[in-house]
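Here are my notes on the model you asked me to look over, arranged as numbered points.

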Amino acid sequence: MNNTHATPARRFDLGATLLTLLTIIAAVIWFFPVYWGIVTSLRYDDQTVKDFALIPMEPTLKNYIFDIQNSNLPIWYLNSTIVSVGVTFLVVFMGACTGFAISQLNFPGRKALWWMILASFMVPVSALIVNHFIIIADIKLLNTHLGIILPMLIAPVTVIVYKQFFDGLPKEFREAAVMDGSTEFQLFFRVFLPMNWGVTTALAIITFIGAWNSFLWPFLAAQDEMMMTVTVGITAVQDTFGVAYGRVLAGAVLAGLPVATAYLLFQRRVTQAITLSAGIKG
Amino acid sequence: MASVELTGLAKRFGAVEVIRGLDLSVADGSFCALLGPSGCGKSTMLRMVAGLESVSEGQIRIGDRDVTHVEPAKRGVAMVFQNYALYPHLTVAQNITFSMSLAGEPKAKQAEAATRVAKMLQLEPLLARRPAELSGGQRQRVAIGRALVRNPQVFLFDEPLSNLDALLRGQMRLELARLHADLGRTMVYVTHDQVEAMTLADKIVVLDKGKISQAGAPLDLYNAPANRFVAGFIGSPAMNFLPARANSDANGLQVTLGAATMTLPARATLAAERPVELGVRPEDVHLQNAGDGTLQGRVAVVEALGNTTFVHVDTEFGQVNVESDPALRLEAGANVGLSFEKNKVHVFDADGTTLPKL
Ligand SMILES: Nc1ncnc2c1ncn2[C@@H]1O[C@H](COP(=O)(O)OP(=O)(O)O)[C@@H](O)[C@H]1O
Ligand SMILES: [Mg+2]
């Protein structure tokens, strides 16, 4: 420790302190509705309309129990899980395969494929949503898991992240394996994929979170209540919970729970994945 | 058992010809060093032998087999890379037996092979570690182990020691020499370090811009370099070069160096006097009293290493490095004369080739 720098007067940095304060204020403003939602979901509705409380005085799980017993929430959960896990597995696996092929294999049309993927990255998926709806309707896949999953597999960023990653590996890894008699499949499954496990888990987590939270497409593709995902179910079914704040918000909390848990568990990986894809977008 | 034969080998990257019409024969069981400055095509040539780089022209034979178009894994060669290329997600044992595991060999056989190789390379206590937990020298040994386990006919090394510090480099050099003696396998070794080449190899191939400048036994290259490039590249500290003029007469080669002249043993007869370059190694120059000898100069720097002393002398033809008696005490600024060991003076023609002795 250097004494001259340790004096409080010198350490106080106005700019940094202001920035910290601003961040805290922004975080509070952002978090308040979430907090208030959780609080409300734990109270009786007659209390909620009567007075304002930051801490529930008589917390109750009544709303949660009601939601679980009186709606299709468990089925929506199942649907969300099937869709999100399916999308995550397929997006990550196909992204890794495609990225590997574009980065490592020599085949006619490789450049064209790469440019197509880059170009498709420029088109927002929501701009195509009507086309998706018509196509999925035409092939009679509305109200099926597969129908919900298919359009959600368009994830050029995943391919791009993998391609850049594989490009960045020293070519000696490939060559050493080739000299050891490795086939391309072995190279992919035994060298390139396991060497980048971190990237794969990071991408899987953000893909999962994105798929779970997605609303617009599942909302269009699943009109049958039994095929809805959680996000769609709690918002689209009008009188699922009536005009009951506590029940609505309990539903919202339940919908967001898996994602929040995934995020908390894998926080570091998520930020890593966001930086990875942000580096490409930037 | 396998020799390596390259005939008319050429490599082009687009319009750039990196290797040009190269012929080389590496005897079975010998240790051949490819020596040359960075960018001269050493790695490219080694990679062609490994099969990692396609051949633009010519033929590669390993043993009695033409392998020019054979897959890398089927050539009976193993390669050790400069950056080791160890898989970070595998343990030392798994790295060593990776080729066996790819081939689907039974686990017990793999474990046995890992132990056998680890014993040869003193890696036994490290088998369960990952590459990130190893020192540079240990990683280097694992990389060698990965080659050993395949029991190849020919080992290929691409600058395997250049990522190590000087002390470790010296130790690994000895280990490689021992390994070669134990295995008796053909080894082709790429390096830009002439000390490695001189100490390890029984044949050195000096490459210059994709062509063989000279190939031969280390001491032959040292004592009789075929051209100025080899003369300057081999030997440390480097040979001194002095511009001169030369002409043949009945006594031998008359060389004019500034105001001085000397008679050297006869070379290929010159038709007329012409400019040449003299090359003389530091140990073949001797210090004389000022006014004596062939060349006069002033001491610039004295490097006393204990076992020997190098004296750098400024002359009218540039600095000349002289290896002198370590007992001699000399001060910078002293005037000295220089004389040359006449039998050891190399004479290079204007195009850089050595004028051969008669
Ligand atoms: N894949 C490649 N494409 C184009 N040029 C290359 C390629 N590989 C090597 N070269 C060129 O070939 C020359 C020789 O390279 P290399 O064999 O690596 O030299 P060295 O190993 O002797 O340092 C260099 O000029 C290098 O730029
Ligand atoms: Mg090289």
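**Notes on interfaces and the ligand site**

1. Between domain 1 of chain B and domain 2 of chain B, the count is 1 salt bridge. The pair Arg228(B) and Glu277(B) forms a salt bridge in which the closest N and O atoms are 2.7 Å apart. Please keep in mind throughout that this is a predicted model.

2. The division of chain B places domain 1 at 4–233 and domain 2 at 240–348, and the centres of these two domains, taken over C-alpha atoms, are separated by 39 Å. To the contact, domain 1 of chain B brings 8 residues and domain 2 of chain B brings 6 residues. Together the two domains of chain B bury about 650 Å², with 53% of it on carbon and sulfur atoms, and Tyr222(B), Arg228(B) and Ala231(B) supply 73% of the area buried by domain 1 of chain B against domain 2 of chain B, more than any other three residues.

3. Turning to the two chains, 17 residues of chain A are in contact with 21 residues of chain B, and the chains bury about 1700 Å² between them, 65% of it on carbon and sulfur atoms. Of the area that chain A buries against chain B, 43% is supplied by Met179(A), Asp180(A) and Arg190(A), more than any other three residues.

4. The rule finds 2 salt bridges across the interface of chain A and chain B, and in one of them the side chains of Glu175(A) and Arg47(B) meet at 2.7 Å, N to O. Across this interface of chain A and chain B there are also 8 residue pairs in polar contact, both at pLDDT 80 or more. Helix H11 (171–179) and helix H12 (184–195) of chain A each supply at least two residues of the side of chain A that touches chain B, and H11(A) gives the most, with 8 residues. By class, this side of chain A has 9 nonpolar, 3 polar and 5 charged residues.

5. Which residues surround ligand 1? Among them are Phe13(B), Val18(B), Pro37(B), Lys42(B), Ser43(B) and Thr44(B). An oxygen atom of ligand 1 lies 3.1 Å from a backbone N or O atom of Gly41(B), and side-chain N or O atoms are found 2.6 Å from a ligand oxygen in the case of Ser43(B) and 2.5 Å in the case of Thr44(B).

6. Chain A is divided into domain 1 (2–63) and domain 2 (72–281), and 8 residues of domain 1 of chain A are in contact with 8 residues of domain 2 of chain A. The area buried between them is about 610 Å², of which carbon and sulfur atoms give 73%, and Ser41(A), Asp45(A) and Asn63(A) supply 57% of the area that domain 1 of chain A buries against domain 2 of chain A, more than any other three residues. Between these domains of chain A the count is 0 salt bridges, although the rule finds 2 residue pairs in polar contact, both at pLDDT 80 or more.

Methods:
Residues numbered from 1 in each chain as written. Chains lettered and ligands numbered in written order. Predicted model: local features only at pLDDT ≥ 70, side-chain atom pairs only at ≥ 80, totals over all residues. Heavy atoms only, no water. Contact = heavy atoms within 4.5 Å. Buried area = accessible area lost by both parts, 1.4 Å probe. Salt bridge = Lys/Arg side-chain N within 4 Å of Asp/Glu carboxyl O. Polar contact = N/O pair within 3.5 Å; in protein donor to acceptor, adjacent residues only side chain to side chain. Helix = DSSP H or I, 4+ residues; strand = E, 2+ residues; numbered from the N terminus. Nonpolar A, V, L, I, M, F, W, Y, C, P; charged D, E, K, R; others polar. Domains from an automatic or database assignment. Near = heavy atom within 4 Å.
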